[in-house]
Amino acid sequence: MTATTSPSLFLRNARLLGRMVDVAVADGRIASVTDSGAGCTPAGTDAGSGAAPAGAESIDAKGMVLFPALIDAHTHMREPGQEYKEDIASGLAAAAHGGFGAVLCMANTKPVNDDASITRDMIDTARRHWPHGPRLHPIGAATVGLKGTELAPLAELAEAGCVAFSNDGAPVPDTEMFRRCVEYAADQGKVVIDHCEDPYLAKGAHMNEGETSGRIGVKGQPDIGEALHVARDILLADYLKLPIHLAHISCRRSVELIAWAKQRGVPVTAETCPHYLLLTDKELLGYDTKAKVNPPLRTDDDVAALREAVQSGVIDILATDHAPHAAHEKETPLDEAPNGITGLDTAVALTWGLVREGVLTEADLIRLWATEPGRIFGLPVNGFNVGDPADFFLLDPEEKWVPSRGTMHSKSLNTPFLGKELVGRVKALWLGGVKVV
Amino acid sequence: MQHAQRPTWPHKDLLDVTQLTRAELFHLLDTAAQFHDINRRPVKKVPTLKGKSVVLFFAEPSTRTKTSFDVAGKRLSADTFSLAKSGSSLSKGESLKDTALTLQAMTPDIIVIRHSSSGAAQFLAERLDCSVVNAGDGWHAHPTQALLDCYSLRQVWGDTFEGRTLLILGDIAHSRVARSNVHLLSSLGVKVRLCAPRTLLPAGVHNWPVTIFNRLDDAVQGVDAVMCLRLQLERQQAGLLPDLREYAQRFCLSPRHLAMAAPGARVLHPGPMNRGLEISSVLADAPESLILDQVAAGVATRMAILFLLATRTGIEQTADNGGRA
Ligand SMILES: [Zn+2]
């Protein structure tokens with residue numbers, strides 16, 4: 001026992017990276033992590049499972065997998081302005097039940113988060129509804145109104161609590177303007193997150209351009225529309241020696257460019273989303289608007305490249321790009337439907353599925369969903385070291401569940417996984433030692 | 001004549017030619033042939049669909065196809081109603097779902113839909129109990145056009161589709177007519193060629209069951225039929241073509257080209273034509289042209305479709321067409 005005060009929580013027999021551990025929490029921090037039955041348990045008691053120190057709530061986590069609370073670096077919370085799709089309270093509910101201790105939210109709200117008062121209001125709203133977390137970290141608009149023509153007040157936004165800047169939702173096509181965003185953000189110690197998309201190649205498109213789009217007669221956007229801007233950003237980051245984070249990478253061509261950049265030591269980082277590791281544009285053969293997302297679902301070859309890239313670290317992190325839309329907005333012909341799928345509720349189960357498949361390991365999940373996003377955006381992560389924030393969740397690795405109104409907490413249900421059986425369920429989340437769900 | 005049983009028609013809707021088996025296709029064409037005979041009689045009306053109602057919901061303008069369905073319905077004594085986009089609440093921002101539910105509440109037997117969104121007909125069909133006929137959805141499918149083209153070719157070729165060569169000429173990328181015809185005709189053993197500038201070819205076309213040409217002189221060699229597609233003039237503004245003169249010089253089908261085709265080669269066009277742009281005017285009116293036959297075939301084919309969907313049965317089969325499938 002190294003904690004100075006007596007533990008408030010004692011979690012027994014949890015599986016952490018293949019090890020059976022007992023975790024003691026005191027003052028909202030990790031007080032000890034010991035092999036089950038060995039650590040602070042007095043000799044001779046209850047072999048294989050430690051007894052709780054006096055006064056601590058004791059929880060037997062037998063059969064459960066223990067993870068640090070995750071960070072989702074890319075969500076759309078829709079508040080202010082489109083609360084019928086999602087609001088901060090419901091978005092954080094989805095995050096909490098999804099195992100997330102922190103979410104970053106994009107600036108394309110209505111009004112746009114290009115003003116410190118909006119940033120502060122978002123943070124206040126989050127604290128009011130979820131005082132113990134999940135914590136909401138706004139991403140400020142890189143340009144005023146996301147118009148791409150004028151720098152937003154990045155210093156003021158950073159002071160108000162923005163952890164990064166992005167024009168996501170309306171990527172900046174003007175490379176000179178984008179360069180100034182990256183430079184000015186760097187002065188605030190913040191990274192710019194870019195949605196890589198050539199606006200000309202993507203114009204009027206509703207899906208990936210390829211075999212499927214040709215077959216079903218829908219205008220597509222080619223993968224090079226993304227890769228062109230990935231290349232632009234890599235060259236820019238190399239030239240400026242400043243970091244740029246590449247959002248929701250969807251294709252092999254981008255992965256190859258990023259791998260090249262990293263070999264050269266260019267300070268770019270990148271994310272992809274669970275759906276790009278699991279689905280292809282064939283989901284749209286029946287015009288399923290729930291699978292309409294931007295960047296679009298690509299091909300089997302892209303899925304294979306992305307899976308390799310998350311294994312090898314070429315893609316640094318996973319993010320959901322949680323983009324809720326109301327049912328009536330998606331219940332239209334494909335070309336009228338908005339882009340986006342929800343992700344907070346399903347992210348852990350979907351990526352746990354990849355662990356079950358042998359594509360990822362538990363350590364990969366922790367790296368992709370916690371350690372690396374924490375490093376890139378300067379947020380605390382529970383590494384299960386003494387003194388780390390007691391932010392963690394328990395996953396039932398075998399529980400089967402079906403995403404539906406009854407099992408999800410987002411206001412919107414626009415996910416192509418709706419109604420499909422998933423395995424792996426978040427059972428409880430503690431943030432700062434407080435049980436949140 | 002066998003009166004014992006009427007075969008059932010298994011489909012609620014006609015959304016795409018891909019849903020039809022070969023047997024169903026020939027049954028449909030045979031049915032159309034019987035209706036074609038009715039259209040040549042002095043009294044061109046039969047009471048077959050008396051009391052049935054057909055809604056013509058054309059959210060994208062089309063005089064030709066709409067009239068064809070209207071005539072087809074009326075000759076079967078069905079009541080036909082038109083709902084144009086400009087006259088409907090769609091133009092007031094109503095969603096297609098709400099329009100669909102409104103239509104449903106009027107309890108029609110069949111809704112014929114033309115819509116600019118690919119997949120719109122399927123969208124309706126998934127939500128409505130009545131039959132839905134796709135009269136053209138976006139760039140996706142135009143099954144009744146492909147069926148009437150097939151009918152027209154059958155009148156010339158008989159049942160020997162296998163081994164024939166057909167050239168589809170023009171804007172393939174944005175053509176639902178091309179997509180439906182490529183599928184239907186290649187499934188019958190027709191060797192399909194496509195000819196267009198690369199800017200007017202769809203993504204993934206190299207995996208279609210077709211041979212691709214970008215020079216008309218090469219494409220037309222030895223073909224048994226050429227199907228010209230209407231060129232949408234706005235393709236030029238969209239940056240897909242330089243000026244239309246250049247297009248016409250290279251891709252307009254002329255008698256000179258037809259001379260390079262197989263003897264007896266025929267010309268088709270789904271209409272309306274841009275004379276002198278995708279088809280030379282003289283060729284449009286030449287004896288080789290099947291264009292007016294296509295119009296007549298359109299009414300007969302659509303009568304067959306409405307009949308099969310409204311009754312969900314086949315007509316009584318004659319002994320000689322039973323084995324064709
Ligand atoms: Zn984005």
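Modeller: Donors are N, O and S atoms within 2.8 Å of the metal (3.2 Å for Na, K and Ca); water is not among the atoms, so sites may look incomplete. This is a predicted model, where local features need pLDDT of at least 70, side-chain atom pairs count only at pLDDT 80 or more, and totals for chains, interfaces and linings use all residues. Residues are numbered from 1 along each chain as its sequence is written, chains are lettered from A and ligands numbered from 1 in the order in which they are written, and side-chain values use heavy atoms, leaving out hydrogens and water.

Biologist: Which residues are the protein donors of the zinc ion?

Modeller: They are A:Asp168 (OD), A:His195 (ND1) and A:His248 (NE2), at 1.9 to 2.3 Å from the zinc ion. Their spacing in sequence is D-x26-H-x52-H.

Biologist: Is A:Asp168 buried or exposed?

Modeller: Buried means under 20% relative accessible area, exposed over 50%, partly exposed in between (1.4 Å probe, protein chains only). A:Asp168 is buried at 4%, and A:His195 is buried at 6%.

Biologist: What area do chain B and chain A bury between them?

Modeller: The size of an interface is often given as the accessible area lost when the parts come together. Here chain B and chain A bury about 1400 Å² (1.4 Å probe, summed over both), with 53% of it on carbon and sulfur atoms.

Biologist: How many salt bridges are there between chain B and chain A?

Modeller: A salt bridge is a side-chain nitrogen of Lys or Arg within 4 Å of a carboxyl oxygen of Asp or Glu. There are two between these chains, including one that joins B:Arg127 to A:Glu331 (2.8 Å, N to O).

Terms used: Buried area = accessible area lost by both parts, 1.4 Å probe.
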